[in-house]
Structures are given as C-alpha cells and as structure tokens.
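Please examine the sequence and structure shown here before reading the briefing that follows. The notes are grouped by topic.

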Amino acid sequence: MSSRVRVVVAKPGLDGHDRGAKVVARALRDAGMEVIYTGLHQTPEQIVETAIQEDADAVGLSVLSGAHMTLFRRVLELLAERDARDIVVFGGGIIPDTDIPELQQIGVAKVFTPGATTGSIVDWVRQNVAQTVA
C-alpha cells in the first residue's frame, strides 16, 4: 500500500483555461505526489466520482470563471453525501479576497490566489494533506 499523497486536480465548470492547473499538477507530481488531472469542463459530480474512485487524499480545484462559490460548495456537498469528508479540498484561481472566508467556512481548506508560488502550494499540501496519509 502506498503512502504517497494522491491529489485530484480539477477544472470544474465552463472555464476553458487550464495552464495554472497543469502547472500545479506538475509541481505536485515533481514533489513526489500522485496526481490525477481530470481535464477541462468537469462537473462537480465527475470530480467527486474521480476522487472517490482514485482514493484521493485531496482535491485541488482551479476556477477562473467566477463560479467558485457555487462549484466549490457543490463539490463539498457531494463529498459529504458520499461520506468522503476526509478528502481535503483546496483551490485557487481568480477568487476575490472577500470570498475566501466564506469558502473556508464551508470547508475549503485553503485558497491560493494569483501570485501563489508552486512551492507554497506543494509545501501546504505536504503540511496539511501528507500528515493525514502517513
């Protein structure tokens, strides 16, 4: 049985820009984590199904479209419905600072905004997800 962190990186909704998600996925992979990138235009249902099937430890959501409140909330609701609250949800993208407290209140563990380095994301995942895997 592997103790490597398994992270699903997903692009929910109609957002068609995935360069940032791919950069983060590669950084996590290069840091020794197993990464499953779902591709563009995923529904919350598809993302949660992938996370459960892949036995993911975390889901990283990337949203640039402005639909972050709806999409993050739905992913968290579906994880709860599937008794998968132990999967850590974090995200990033174009998310206004004023929305971050509400996202954290509903269960998003961390939100990375533009300018976050891949190193800070890797470090955060190591400190906040890897400890639950070991």
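Asp55 counts as exposed because its relative accessibility is 57%, where exposed means over 50% relative accessible area, buried under 20% and partly exposed in between, for a 1.4 Å probe and protein chains only. The model is predicted: local features need pLDDT of at least 70, side-chain atom pairs count only at pLDDT 80 or more, and totals for chains, interfaces and linings use all residues. Residues are numbered from 1 along each chain as its sequence is written, and side-chain values use heavy atoms, with hydrogens and water left out.

**Loop residues with positive phi**

- Asp55 lies in the loop between H2 and E3; helices (H or I, at least four residues) and strands (E, at least two) are DSSP runs numbered from the N terminus.
- The phi of Asp55 is near 55°, a positive value in a residue other than glycine.
- His41 also is not a glycine, and has a positive phi of about 60°.
- The loop between strand E2 (34-37) and helix H2 (44-53) contains His41, which counts as partly exposed because its relative accessibility is 43%.
- Most residues other than glycine have a negative phi.

- Strand E3 (residues 58-63) is mostly covered, with six of its six residues buried.
- Ala58, Gly60 and Ser62 point one way from E3, while Val59, Leu61 and Val63 point the other way.
- In a regular strand the side chains alternate between the two faces of the sheet.
- Strand E1 (residues 6-10) runs parallel to E3 and is joined to it by four bridges; two strands pair if DSSP finds at least two bridges between them.
- Val59 is the bridge partner of Val8 in E3.
- Six bridges join E3 to the parallel strand E4 (residues 88-93), and Val63 stands opposite Gly93 in E4.
- From E3 the chain passes through helix H3 (residues 68-81) to E4 in a right-handed β-α-β crossover, meaning that, with the strands pointing away from the viewer, the path from the first strand over the helix to the second runs clockwise.

**Nonpolar cores**

- The largest nonpolar core has 25 residues, of which Val8, Val59, Leu61, Phe72, Leu79 and Leu103 touch the most other members; such a core is a set of buried Ala, Val, Leu, Ile, Met, Phe, Trp, Tyr and Cys residues joined through side-chain atoms within 4.5 Å.
- H3 gives the most to this core, with seven residues.
- A second, separate core of 18 residues includes Val7, Val9, Ile121 and Val129.
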